Amino acid sequence: MYYPYIQLKALLLATAAALLLAAPTALRAQSVGIGTTTPASSAVLDVTSPNPGTAPQGFLPPRLTQVQREAIQQPAAGLLVYQTDSPATGTAAGLYLYGGSSWSLLPTSGSTTGGDNLGNHTATQNLNLNGNKLVGGTTARATRGGLSLNGNGLLTVGATRVNADSTTRYGVRLLDMDQDVVITSDQGKGNTTPAVTGAGDRLMWLSYYSAFRAGGVTGDRWNTTSSNSAAIGQYSAAFGLDNQAGSTYSTAFGWNNRMRNCEGTLVTGINNDMAQSFYGVAMGGRNSPKGWYNLVGGYQCKVLSSTVANYSAAVGAYVPNWPPSLAFGQGSYSRSSRGNTYTLGYYARTNGYFGCFVLADMSPLAITPSNIPPTDRAQDSVYCNNYNQFTARFAGGYRLFTTVATRDDPAGLSPLGTPVGVQLFAGGNAWQTLSDSTKKERRVLADGNQFLARINRMRLGSWNYIGQSPDTMRHYGPMAQDFYAAFGHDGVGRSGNATTINQADFDGVNLIAIQALYRQVLALKAENDKLRQQTLKAQQNQQRTEASTASLEERLRRLEGLLAPQAQR
């Protein structure tokens, strides 16, 4: 059986000490040899196997059971005993050394009990690997995959792969954890250049920048600089492939996203390229925001607004000179030097005007054969043409509801009521209001003549709103107070209020008045027809009278003609 050198030395010293104590005084001053006539001069006792080549022998210490070993009274420090048994509830068999206060099992080569070849004890000094590794086996792969610690405190697990396609499966696994994993560092201290640069897949905590990287790069975007711009921002993070977060507090997810001078900005998606976007959010593909606190998402959308802002200690944040903007959809541009522009949909654009809101549908795609987008995108765009303007295109029309109910036939549910609102049909140029007779109740017929009388008492004329230009903003019509006083109550309930006029009610009053006028016209027409008949009859009577008079006159002329000759005789 093999024992490490230090263990054998302790055994021999103990044996030599026992022999020397029993030897004469003169003998004690010399070296004693057993199995040899020329003991080593540096040894008190030199035990040698006489015939190691043909009949090798060893040193056999006292052999005791565990019970016998533990029964030794007042064992001396350095006492050596071989325990022969391994009780089920006791200690393992092996060579035991008494260290002065307790027994210790000396480990053997390949031993799995009682020791670990480093001593079953608490270390009293640092363990120096001295360029070696802690390994999990004796194979070349186990050696390559070992753990090493250099003099600068760099801990390394594994090694470079032997072959490019090798699957050595090096790694670290933390199983069944019930404690936190904490990495601490001091931003601004350490190496400004990452320990690993260039292309490759990796996970890195960059102490100098307090920045995190996880995923991979195919170029230099996880180096200190990339294409002459900063590639690692302080307190930044990048996850995925080829993402560059080169500004303070910036974060990137996805693939091939690039941020330059984009403090505090978050990007997720693919191929988003941005510069001078501060504390904004970009998501989707090929989007580009510029300015403060902007939001852009979808595909090929842009926000271009003011990049000027000042830090406010009272607010605790940067306050931009102009409000932020938003672009979401496909090809939507919110572009204005003063910001406050919002575009949503398919090629909705503010056209450089600030304070605008643009909504766009995707009807240009729907009207193209086979749904192939037209090559001239300009014909798809919905533009503003003035500042502070709302512009929208929905080729299928518009519906606005002012009730909870939006349909009177919800499948499998009880209706919430009658849907009320307005609608602009596809291709229409005026709002439609609900006027279905089956949706109405408590109908009261109106007296048109009373409506005419009330209209006659109203203050009708032209006017302009206070503060508007009298040169270009004049209007015609009634006052809401007069309209409400005349038509605000129908005997059943109230209609409208004293400051506004409902367009549907206005149209209704006009129709009632028109109907009353038409009925008056019909009455006047009937009376006129009657008078015309009377006049015609009178004319006919007059004609007959005139005819009779003419006949009488003719008869008188003939009579005079007959009487005239007789009178001459």
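In helix α7, the residues Ala-480, Asp-482, Phe-483, Tyr-484, Ala-486 and Phe-487 are buried, where buried means under 20% relative accessible area, exposed means over 50%, and partly exposed covers the range in between (1.4 Å probe, protein chains only). Because 6 of the 8 residues of α7 (residues 480–487) are buried, this helix is largely enclosed by the rest of the structure. Helices (H or I, at least four residues) and strands (E, at least two) are DSSP runs, numbered from the N terminus. The model is a predicted one, in which local features need pLDDT of at least 70 and side-chain atom pairs count only at pLDDT 80 or more, while totals for chains, interfaces and linings use all residues. Residues are numbered from 1 along each chain as its sequence is written, and side-chain values use heavy atoms, with hydrogens and water left out.

Ile-501 is placed in the loop between α7 and α8 (503–568), and with a relative accessible area of 30% Ile-501 is partly exposed. Although Ile-501 and Ala-480 are 21 residues apart along the chain, their C-alpha atoms are separated by 5.8 Å. Leaving aside residues up to four places away in sequence, Ile-501 touches Pro-478, Met-479, Ala-480, Phe-483 and Phe-506, contact being defined as heavy atoms within 4.5 Å. Ala-480 and Phe-483, which are among these partners of Ile-501, are also among the buried residues of α7.

## The sheet of 11 strands

An open sheet is formed by 11 strands in the order β9-β10-β13-β15-β17-β20-β22-β26-β28-β30-β32, with mixed pairing; two strands pair if DSSP finds at least two bridges between them. The edges are taken by β9 (200–206) and β32 (390–393), each of which has a single partner strand, so one side of each is left without a neighbour in the sheet. From one strand to the next, the twist averages 5°, with axes taken as lines fitted to C-alpha atoms (for helices over the stretch in contact) and angles running from 0 to 180 degrees between N-to-C directions.

Strand β17 (residues 266–270) pairs with strand β20 (residues 281–285) in the parallel sense over 5 bridges, and Gly-269 stands opposite Gly-284 in β20. Strand β20 is in turn joined by 5 bridges to strand β22 (residues 295–299), again running parallel, with Val-281 opposite Leu-295 in β22. Further along the order, 4 bridges join β28 (residues 342–346) to β30 (residues 357–360), which run parallel, and here Gly-345 stands opposite Ala-360 in β30.

## The sheet of 3 strands

A second open sheet consists of 3 strands in the order β14-β16-β18, with parallel pairing. Its edge strands are β14 (244–245) and β18 (273–275), each of which pairs on one side only. Between β16 (residues 258–260) and β18 there are 3 bridges in the parallel sense, and Arg-258 stands opposite Asp-273 in β18.

## Aromatic rings and charges

Rings of Phe, Tyr and Trp (its six-membered ring) pair if their centres lie within 6.5 Å, with planes under 30 degrees apart counted as stacked, over 60 as edge-to-face and the rest as tilted; by this rule the count comes to 22 aromatic pairs. One of them joins Phe-394 and Tyr-398, whose ring centres are 5.4 Å apart and whose planes stand at 85°, so the pair is edge-to-face. Phe-394 counts as partly exposed at 32% relative accessibility, and Tyr-398 likewise counts as partly exposed at 23%. Elsewhere, ring pairs link Phe-278, Tyr-279, Trp-292, Tyr-293, Tyr-311 and Tyr-318 into a cluster.

A charge sits over a ring if NZ of Lys or CZ of Arg is within 6 Å of the ring centre and within 35 degrees of the ring normal. Arg-69 lies over the face of Tyr-96 at 4.0 Å from the ring centre, and Arg-349 lies over the face of Tyr-333 at 3.9 Å from the ring centre.

## Two polar residues

Gln-389 is found in the loop between β31 (382–383) and β32. A polar contact of 2.9 Å joins the side chains of Gln-389 and Thr-391, a polar contact being a pair of N or O atoms within 3.5 Å, of which, within protein, one must be able to donate a hydrogen and the other to accept it, and residues adjacent in sequence count only if both atoms are side-chain atoms. Not counting residues up to four places away in sequence, Gln-389 touches Gly-355, Cys-356, Phe-357 and Cys-384.

Ser-312 has its place in strand β24 (residues 309–312) and, at 18% relative accessibility, counts as buried. With residues up to four places away in sequence again left out, Ser-312 touches Ala-317 and Val-319.
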